[in-house]
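Reader: I am new to this structure and would like to be walked through it. Could we look at it together?

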Amino acid sequence: MKPLRAVLARFVVGIAFGIALAFLLLPLLALVLHTTPGDLVAGLRSPVVLDAIRLSLITTLGTLLLTLAFGLPAAWVLARWRVPGRGLIEAALALPMVLPPVVAGVALLVTVGARGTMGPALHAIGLRLPFTTLAVVLAQTFVAAPFFITSARAGFQALDPGWEEAARALGASRGYAFWRVVVPLTAPALVAGLGLTWARALGEFGATITFAGNLMGVTQTMPLAVFVTAESDLRSAITLAVLLLVLAFTVLAALRSAPLPARA
Amino acid sequence: MAGPHGDLAGGLSGDLVYAAGALNLRLSLRIPPGATHVLLGESGAGKTTALRLLAGLLRPSEGRLELDGAFYDDTTTGLHRPPEERSIGIVFQQGRLFPHLSALDNVAFPLRAAGRSAAPARERAAEWLRRFQIEELASRMPADLSGGESQRVALARALVREPALLLLDEPMAALDVRTRQAVRAELAALLGDRRRVTVLVTHDYLDAAVFADQVQVLERGSVVQEGTVQELVERPRSAYVAQLAGMNVLRGAARMVEGGACEVEVGAVRLRAAREAEGPVFVAIAPAHVTLHRLQPEGSARNVIEGVVTQAVPMAGRVRVTLAAAGGLVLVAEVTRQSSMELDLEQGTAVFASFKATEIEVYR
């Protein structure tokens, strides 16, 4: 009775799919159902919430800038240069993506913390990183930049070098060819990478709280504020949580609907 | 102003060596202003590498390159000018119009890259589109252009800076046959009207025939033959050129005989030619000069080769017949449709091919 078995198999797989979906989505749905628009508006008046939102926007923007400034050249080098030990370098660069964020925070502490390897040197030039907003940006960048580098590198690698050559042969300097031809042609990969990095930075918790601490208005980003208010002020916690949920969903949905990289 | 090597007033002069991996390219170019030089060869012969060397995308392993008195490469002094410092324009095989720019912005690209601001660059680009009578394509994106339109835009883009050297990389290859003819005619009308030097690389003999003032045939990185198209066709020096030109070319050993003639031993066959020659030679026979017979022909003035028909391809008013003879010898004959029918030629037919001693070209 093949057909009956096939129907049964379909049924079982369908049920499994339904359970998976419910397990992943129900808590998120509950979060949204647990709040009303009135609650949200009220939550948005809380200074803890406002400070956290402001700080999260500033620090994630800083993270994006830092990621672009160093990640773009890094991705280009990995994609186009002959780098010895490329495989190892790429594995190492992907490490922060899979490392527990707390470990990343500790790693940053022992590197650029007051008593870290580079701490005294930084102190000598008057730079104290831990427990500052800059530390938040560093923690987020450390954890989130690899998403951009990975995506951008893949985008550059997939681009036919003939396009750069065409631009160069038509009189473009290396820089002009990069900005006016390579970047537009790899824009989908670059934007996708930036989106993932931003979403990851926005949700960053472990590395931030370990390395930058939890000071309202200075290092207390939205996830940290959710953690703190969850015990004392559930309404604020839910407001922030819903906001984070909406932002993350928006980014992912936008990335999914983005056009695939052009293969001309 | 001519350079120190300059036996030419302007134009292109270069001796370039490029060795990388299996390819060992050696080029020696002397192209007067206004001339079109064709590099003809099969894929893998080094044509595209040659073009990339001229464009400055590659650094020669050895040699020098001079255009209109300005040195672009000189490995003795370490001079290598990057592409943006060369007066070049280039058209690629598949057009390579930038897909994110409109036709107009594609044409304006070389001007913008050279630092011209947007408005004047676009104005200039628009002029070139008008010159090619494609101004209505200005706002179209490359994805919405046909093959022929793309190549016209690409040509405008290559010429917009009025370069001293125009490089064409198989510019017809991606076009369908009809468009190819139209674009070829336009391009032919455009080339050679000024001081500009044009270098075209192609595997298409017709491109060479239409455009070339001078042709170099490349095989595995080396120039195996050089001359006008006429010279190439009459005296091919390789199987590749012979095939392109539709000539029979055989290699053999010549021995003088009395009366200003010679005998050439080609494998098992001995041919008589009405020319003086001695030693290793090429023998060229035009297919139209080969006559076919079912019975052994009489008359000592003719060379006769016995063979079997391997292929008979009908052409306009004629039939192109390929024969296989003893010793792996292959001969092509072109006969009229009439005689093909009379001889009842088909694959496997045994025939005698004959040609006059006066119709054989013998050369070293």
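Author: Let us begin with a term: two strands are said to pair if DSSP finds at least two bridges between them. In this predicted model, strand E8 (residues 165-169) of chain B and strand E9 of chain B meet that requirement, pairing in the parallel sense over five bridges.

Reader: Which residue of E9(B) is the bridge partner of B:Asp169?

Author: The partner of B:Asp169 in E9(B) is B:Val201.

Reader: And how many bridges link strand E3 of chain B with E9(B)?

Author: Strand E3 (residues 36-41) of chain B pairs with E9(B) over five bridges, in the parallel sense. Within E9(B), B:Thr202 stands opposite B:Leu40.

Reader: Is E9(B) mostly covered or mostly open?

Author: Strand E9 (residues 197-202) of chain B is mostly covered, as six of its six residues are buried. In a regular strand, side chains alternate between the two faces of the sheet. Here B:Val197, B:Val199 and B:Val201 point one way, while B:Thr198, B:Leu200 and B:Thr202 point the other way, and all are buried.

Reader: Let me move to B:Ala208. Where is it found?

Author: B:Ala208 belongs to helix H6 (residues 205-211) of chain B.

Reader: Why does B:Ala208 count as buried?

Author: The cut-off is 20 or more other C-beta atoms within 10 Å of a residue's own. B:Ala208 is buried because 26 other C-beta atoms lie within 10 Å.

Reader: Which residues is it in contact with, leaving aside its neighbours within four places in sequence?

Author: B:Ala208 is then in contact with B:Val38, B:Leu40, B:Thr202, B:Val215 and B:Val229.

Reader: Changing topic: what is the order of the strands in the open sheet of chain B?

Author: The five strands of that sheet follow the order E16-E20-E17-E18-E19, and the pairing is antiparallel. Strand E16 (291-293) and strand E19 (330-336) of chain B stand at the edges with a single partner strand each, so one side of each has no neighbour in the sheet. On average, neighbouring strands of this sheet are turned by 45° against each other, direction ignored.

Reader: How many bridges join E17 to E18 there?

Author: Strand E17 (residues 302-314) and strand E18 (residues 318-325) of chain B run antiparallel and are joined by seven bridges. One residue to look at is B:Val313, whose bridge partner in E18(B) is B:Arg320.

Reader: What domains is chain B divided into?

Author: The domain assignment divides chain B into domain 1 (12-239) and domain 2 (246-363). Taken over C-alpha atoms, the centres of these two domains of chain B are separated by 39 Å. Six residues from domain 1 of chain B and six residues from domain 2 of chain B take part in the contact. On the side of domain 1 that touches domain 2, there are three nonpolar, no polar and three charged residues.

Reader: And what does the domain assignment give for chain A?

Author: Chain A has domain 1 (1-33) and domain 2 (47-257), with C-alpha centres 35 Å apart.

Reader: Finally, how many residues of chain A are in contact with chain B?

Author: There are 15 residues of chain A in contact with 17 residues of chain B. Helix H8 (161-169) and helix H9 (174-185) of chain A each supply at least two residues of the side that touches chain B, and H8(A) gives the most, with five residues. By class, that side of chain A has 10 nonpolar, three polar and two charged residues.

How values were computed:
Residues are numbered from 1 along each chain as its sequence is written. Chains are lettered from A and ligands numbered from 1 in the order in which they are written. This is a predicted model: local features need pLDDT of at least 70, side-chain atom pairs count only at pLDDT 80 or more; totals for chains, interfaces and linings use all residues. Two residues are in contact if their C-beta atoms, placed from the backbone, lie within 7 Å. Helices (H or I, at least four residues) and strands (E, at least two) are DSSP runs, numbered from the N terminus. Ala, Val, Leu, Ile, Met, Phe, Trp, Tyr, Cys and Pro count as nonpolar, Asp, Glu, Lys and Arg as charged, and the others, Gly among them, as polar. Domain bounds come from an automatic or database domain assignment. A residue is buried if 20 or more other C-beta atoms lie within 10 Å of its own, exposed if 12 or fewer, and partly exposed in between; C-beta atoms are placed from the backbone. Axes are lines fitted to C-alpha atoms, for helices over the stretch in contact, and angles run from 0 to 180 degrees between N-to-C directions.
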